[in-house]
Amino acid sequence: MSEPKKVDFLKSSINSLRHSIRDIDDSYNNFWDIFAELAQNSVDAINETGKSGNIDIKIDCQKRNVTIRDTGCGISADRLPQLLNLFSTGKSDDPLSIGEKGVGLKYVLFQSSKFIIETSDGKTAARATVVDASTWKKQTNETPLLLEQESLEANGNSYTKIQVLGIEERADEEDVFALSYPQMVFVLRTKTAIGNTKALWDDVLDIKVHLEMTDINGVCNSETIPYKYLTPIEKLTTKDFITTQDFDEWNTSDRDDTQKRNKLRDKLIVSSNSHLMHNNRELKYWACFVPSRKTWDQIDIINKLATEENLDDRNWMQTWNYLLFNGNITAATKGMPTAITVTPPSVGNAGYLPNFFIIFEDDSLKFDIGRKSFRGKTSNIYREEAKQVFNKFAKLAKYSAGALPAHATTFNREEVFDKIKNKQDLHSSKVKFQKNPYDQEASVVAIFFELIGSGDITGIDPMYMGYQNKYDLYARVNDRTTIIEFKSHLRNIISDFSDYTKIFDEMDYIVCWDVNDQDTAKLKDEGIEVEKYEPSGFSENNLPSCVTHTMSITNVTPIYIIDLKQLV
C-alpha cells in the first residue's frame with residue numbers, strides 16, 4: 001500500500017474559473033449593475049477615510065466607456081492582484097461597508113474589453129490593466145487571463161481611478177448607454193450608492209459627485225449632482241406637497257371635511273419616521289402618496305425622464321418603466337438603495353396602492369448577488385411595515401384626489417384643434433363622433449351611448465355611472481342588473497386585476513374599441529382566454545346582440561365583450 005498523498009483539491013482549472021465568472025454574470029440582471037458596483041466601491045473607500053471626498057464619474061455612451069475616480073482610502077500596490085481575484089474582498093470585517101461579497105469589481109472587469117485600475121494608499125501607487133476579459137470568459141481553452149501591473153510614484157494622496165472600456169452589450173438587458181442624461185442621473189441617484197438614502201433623515205459625510213456624460217448622440221452634459229436619494233418631491237414646490245406632521249399639527253378637532261379637502265387636494269402627502277422592532281432592528285422609512293396615478297406622469301415629465309409621447313407609448317413603457325417614478329415598496333441599506341421591489345401587502349384600499357411609494361432604510365438588510373431579492377423573511381417584514389404606513393395614507397386619500405395643477409401646460413386652443421384635425425377619422429355612418437377613439441376611454445363611452453341612442457345597441461338600459469368610483473356603468477340588460485366597464489384597449493383591464501381595483505367575477509360586460517391580437521396575447525399571458533362570441537341556445541335570449549367576444553378564466557362565469565369597432 002502506497003503512502004497517502006495530500007492533494008490541493010480546491011485548485012481550479014481555467015475553465016472552472018470561467019464557469020464561476022459566467023455564474024457571477026448570470027447573478028446580475030439589472031442594466032445599471034456596473035454603475036451600482038463602481039459607485040458602491042467608491043463610496044465605501046471614502047467612508048473608510050472618515051473624511052469628506054470627491055467622486056468623479058465620466059460616461060461615454062458612444063464608446064461604451066465608464067471612468068470613476070474617488071479620493072477614498074486607496075489600495076496598496078501589493079494587494080491589487082489579490083483584490084481582482086475571484087471572491088476576494090477587503091470589506092468583510094467592516095460593518096460600515098456596503099460591499100461584502102467580493103464579486104462586484106470582478107463582475108465589472110469581465111464586462112470590458114479593457115479594464116484599468118490606478119490606485120494609491122498614499123505610500124504606494126500602482127496601475128493594473130486587464131485586456132479582453134469579456135472575450136476571454138467566453139473561450140474554452142486553458143489560456144490564462146493576465147494582469148499587467150506597473151508601479152507609480154506615490155504623492156501622499158490616496159485615491160482610486162477605474163476605467164472600464166468597451167463594455168459589452170448584454171442581449172438579455174436594456175442598454176444603459178441608450179439613456180438620456182436625466183435618466184442616467186435618475187439611475188445613479190435611485191439605484192446606486194450615489195443616491196445616499198441616509199441623507200433623507202440625517203447629515204452624512206460630505207461627498208461631492210461630479211458627473212460628465214456624452215450621450216449616444218454626442219451631446220455632453222457636466223454637473224455636480226447631489227449625493228442624496230432622488231425623491232419624487234425634489235423638483236416640486238412646497239405648495240405641491242404636505243407632510244403628515246404638518247397636516248396633523250393643522251388638523252385640530254374643529255376641521256371639517258371641506259377644510260381638509262381644501263388643505264390636501266392635489267397635494268402629495270409625505271411621511272418619514274423610524275420604527276424600532278422587537279429585536280432592536282431599526283427601520284426608517286420615507287414615504288409619499290400621490291393624489292392620482294397621473295401625478296407620477298407629471299413628476300416624470302418635470303424630471304425629464306419621459307415625454308408625454310413616451311408615456312402614451314405602451315411598448316416604451318414596458319421597456320423603460322423602471323426609469324420612472326411610480327408606486328412601489330423598496331429598501332436601502334447603509335445608505336445604498338437596492339432597487340429591489342417588494343410585493344405589495346394585502347390591504348382594504350388596494351386601489352390606492354399604485355399611488356403609494358415607500359423606501360425603508362435597514363442596516364441589517366441582506367440581499368443576494370445582483371440585487372434581485374431579499375433573504376429570508378425580510379420581504380414579509382417590509383410588507384407588514386408598509387401596510388401600517390399605507391393605512392395612514394389611505395385615510396387621507398379621499399381628501400387629496402386630484403392632479404398637480406402647478407405644472408400643467410398652458411392651454412392653446414388653436415394648437416389643440418390642429419392636433420385633433422390630424423387624428424384618424426372614424427368614417428362611420430352610424431355615429432356622429434368624428435375621430436377614431438384609439439387610446440381614449442372617454443371617447444369609447446361617448447360612442448357607446450351614441451349607439452344606444454340611435455338604436456344600434458338594444459337591450460341595454462343604463463342606470464347610473466361610476467357609483468362609489470368602483471365600476472363605470474350600472475345597467476339593466478334584458479331586465480337583469482349588470483355591471484359594465486369601459487376600456488380603450490381590452491388589455492388595459494390587466495392592471496385593474498393586478499391591483500385589485502376590479503374583480504373578474506364582479507363584472508358582466510366590458511365595452512372597448514377593437515379587440516386585437518395584442519389584447520388577446522397580453523391577456524393569455526395572464527391566464528385569461530379571449531374568444532369570439534358565437535351565440536347558441538339559451539344564451540341568445542339573455543345577451544344583447546352587440547356582444548362580440550367572451551373573456552374567461554377557469555371556473556368563473558365569463559365576461560362578455562362589446563367591441564365597438566365591429567359595430568360602427
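Predicted model: local features only at pLDDT ≥ 70, side-chain atom pairs only at ≥ 80, totals over all residues.
I began with the surface, where Met463, Tyr464 and Tyr467 make a nonpolar patch of about 360 Å².

I then looked up where Tyr467 sits, and found it in the loop between strand 15 (460-465) and strand 16 (473-477). Its relative accessible area came out at 47%. The cut-off for exposed is over 50%, so I logged Tyr467 as partly exposed.

Next entry: helix 6. How many of the eleven residues in helix 6 (181-191) are buried? I got ten, so the helix is mostly covered. The buried ones include Tyr181, Met184, Phe186, Leu188 and, among the others, Arg189 and Lys191. I also checked what covers these buried residues: the list includes helix 2 (33-49), strand 1 (53-60), helix 11 (314-320) and strand 13 (336-342). Strand 7 (207-214) and strand 8 (220-225) are part of that cover too.

That sent me to the strand 7 and strand 8 pair, which runs antiparallel with six bridges. I picked out Glu212, whose bridge partner in strand 8 is Ser222. The hairpin has five residues between the strands, and Gly218 there takes a positive phi near 90 degrees.

Is Leu152 buried or partly exposed? At 25% relative accessibility I have to call it partly exposed, because buried needs under 20%. Beyond its neighbours within four places in sequence, I found Leu152 in contact with Glu118, Ala125, Ala126, Arg127 and Tyr159. I also noted 7.6 Å between the C-alpha atoms of Leu152 and Thr124, which are 28 residues apart along the chain.

How values were computed
Residues numbered from 1 in each chain as written. Heavy atoms only, no water. Patch = residues over 30% accessible without salt bridge, like charges linked within 9 Å, V, L, I, M, F, W, Y side chains within 5 Å. Areas by Shrake-Rupley, 256 points an atom, 1.4 Å probe, with all protein chains shown as cover. Salt bridge = Lys/Arg side-chain N within 4 Å of Asp/Glu carboxyl O. Helix = DSSP H or I, 4+ residues; strand = E, 2+ residues; numbered from the N terminus. Buried < 20%, exposed > 50% of the residue type's maximum accessible area, 1.4 Å probe, protein only. Contact = heavy atoms within 4.5 Å. Pairing = 2+ DSSP bridges.
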